[in-house]
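Please study the sequence and the three-dimensional model shown below. The exercises that follow each set a task and then work through its solution.

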Amino acid sequence: PEEIRVEVRAGRDLGPKVAPYTVVRVTLRDQPFLFDTVRETIRARGWQIAPLYHPVLAVQRDDSGRLL
């Protein structure tokens with residue numbers, strides 16, 4: 001099954017470099033336009049985004065979903 005994880009944390013809890021920010025971490029399988037949709041949803045609410053990362057990791061899983 002597709003699993004989506006969303007985590008919102010105060011930057012001050014993650015260290016001095018991100019202290020001024022709220023960190024939103026979305027983890028899920030890469031899909032076309034998903035990154036752009038999340039970014040534009042945040043911007044449409046008048047929130048600023050800085051910095052922004054979009055790492056894509058290729059992984060292999062066994063039949064039970066465990067990483068190989």
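**Exercise 1: The largest pocket**

The largest pocket holds about 1900 Å³ of space. This is a predicted model, in which local features need pLDDT of at least 70 and side-chain atom pairs count only at pLDDT 80 or more, while totals for chains, interfaces and linings use all residues. Residues are numbered from 1 along each chain as its sequence is written, and side-chain values use heavy atoms, with hydrogens and water left out.

Task. Describe the lining of the largest pocket by its residues, elements and classes.

Solution. 

Step 1. Begin with the term: on a 1 Å grid over the protein atoms alone, a pocket is an open set of points where a 1.4 Å probe fits, with protein on both sides within 12 Å along at least five of seven lines. Lining residues have an atom within 4 Å of a point. Grid points are joined across faces, edges and corners, and the volume is the space filled by probe spheres set on the points.

Step 2. The lining consists of 40 residues, and R5, R25, V26, T27 and L28 lie nearest the centre of the pocket.

Step 3. Turn to the elements, where helices (H or I, at least four residues) and strands (E, at least two) are DSSP runs numbered from the N terminus. At least two lining residues come from each of β2 (22-27) and α1 (34-44).

Step 4. Sort the lining by class: 23 residues are nonpolar, 7 are polar and 10 are charged. In this scheme Ala, Val, Leu, Ile, Met, Phe, Trp, Tyr, Cys and Pro count as nonpolar, Asp, Glu, Lys and Arg as charged, and the others, Gly among them, as polar.

**Exercise 2: A nonpolar surface patch**

Task. Which residues make the nonpolar surface patch of about 500 Å²?

Solution. 

Step 1. Patch residues have over 30% relative accessible area and no salt bridge, and nonpolar side chains (Val, Leu, Ile, Met, Phe, Trp, Tyr) are joined within 5 Å. Accessible areas come from the Shrake-Rupley method with a 1.4 Å probe, and for residues only the protein chains shown count as cover.

Step 2. The patch is made by I4, V6, V8, V24, V26 and V38. Two or more of its residues come from each of β1 (5-10) and β2.

Step 3. I4 lies in the segment before β1, and I4 is classed as exposed because its relative accessibility is 54%; the class exposed means over 50%, buried under 20%, and partly exposed in between. V38 belongs to helix α1 and is partly exposed at 32%.

Step 4. Compare positions: V38 and V26 are 12 residues apart along the chain, and their C-alpha atoms are separated by 9.0 Å.

**Exercise 3: Salt bridges**

Task. How many salt bridges does the model have, and which residues are linked in a network of salt bridges?

Solution. 

Step 1. Side chains of opposite charge can pair when their charged atoms come close. The rule used here asks for a side-chain nitrogen of Lys or Arg within 4 Å of a carboxyl oxygen of Asp or Glu. By this rule the count is 6 salt bridges.

Step 2. One of these joins R9 and E7, with 3.4 Å from N to O. R9 is partly exposed at 32%, and E7 is partly exposed at 29%.

Step 3. In the pair R39 and D36, the closest N and O atoms are 3.0 Å apart. These two residues are about one helical turn apart because they lie 3 residues from each other in helix α1. D36 is partly exposed, with a relative accessible area of 32%.

Step 4. E40 and R43 form a salt bridge at 3.3 Å, N to O. Both lie in helix α1, 3 residues apart, or about one turn of the helix. E40 has a relative accessible area of 39%, and R43 has 43%.

Step 5. D36, R39, E40 and R43 are linked in a network of salt bridges.

**Exercise 4: Sequence and space**

Solution. 

Step 1. F33 is in the loop between β2 and α1. F33 counts as exposed because its relative accessible area is 65%.

Step 2. E2 is in the segment before β1 and is partly exposed at 42%.

Methods:
Patches are made of residues with over 30% relative accessible area and no salt bridge: like charges are joined within 9 Å, nonpolar side chains (Val, Leu, Ile, Met, Phe, Trp, Tyr) within 5 Å. Buried means under 20% relative accessible area, exposed over 50%, partly exposed in between (1.4 Å probe, protein chains only).
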